[in-house]
Amino acid sequence: MNEANFLRGGALDLNLGKHIDFLAFASQRKIDANTITVFNDSLMIDEDLPQFSSLQISGLHRTPSEIADKNSTIKKTLGLSTGINKRDFSFNLNFVYNSFDQEAASGDQLYEQFDFKGDELLNLGADYSYVLKNFHFFGETAVSDNRSFATTNGLMVSLDRNLDIAILH
């Protein structure tokens, strides 16, 4: 996706038969984040709670604040993908789990109502691809543990050797 948003860890990719694939991966790395300290006013806990307000994905460390944000939180990622992959058809089920060593700060503004909150995020999804003559259907649908739902579907049609049409929804 970009130079600063990568995984560091290991993966296992297995063929479980002629057309069945299984992929498992794990990653742990320090990432850049805007960290803030939330002052705890509870009488039960004496510690201030570190949180991050956003993740920095530029990969740049030019200013004092960018340098302070460098490697300030740890991100762990686990994932599984399994599916059927044939020459002109594929269908895969996907699972990705992310955890952070700090919580994402939650805001009260209207534009922040759909922001990620907490320190864990789970995504489940399915993707497909089907080729029928000169038509290529493809898409993915996913849901998050907070019941956020996303889908994208498309069609590419080859009308001529020099002309293709793509439709994405």
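Reader: Why is Asn-94 called buried?

Author: Asn-94 has a relative accessible area of 19%. Buried means under 20%, exposed over 50%, and partly exposed in between, using a 1.4 Å probe and protein chains only. Therefore Asn-94 counts as buried. Please keep in mind that this is a predicted model, where local features need pLDDT of at least 70, side-chain atom pairs count only at pLDDT 80 or more, and totals for chains, interfaces and linings use all residues. Residues are numbered from 1 along each chain as its sequence is written, and side-chain values use heavy atoms, leaving out hydrogens and water.

Reader: What joins the side chains of Asn-94 and Asp-127?

Author: A polar contact of 2.8 Å does. The term asks for a pair of N or O atoms within 3.5 Å; within protein, one must be able to donate a hydrogen and the other to accept it, and residues adjacent in sequence count only if both atoms are side-chain atoms.

Reader: What makes Glu-66 and Arg-62 a salt bridge?

Author: Their closest N and O atoms are 2.8 Å apart. The rule wants a side-chain nitrogen of Lys or Arg within 4 Å of a carboxyl oxygen of Asp or Glu, so this pair qualifies. By this rule the count comes to one salt bridge.
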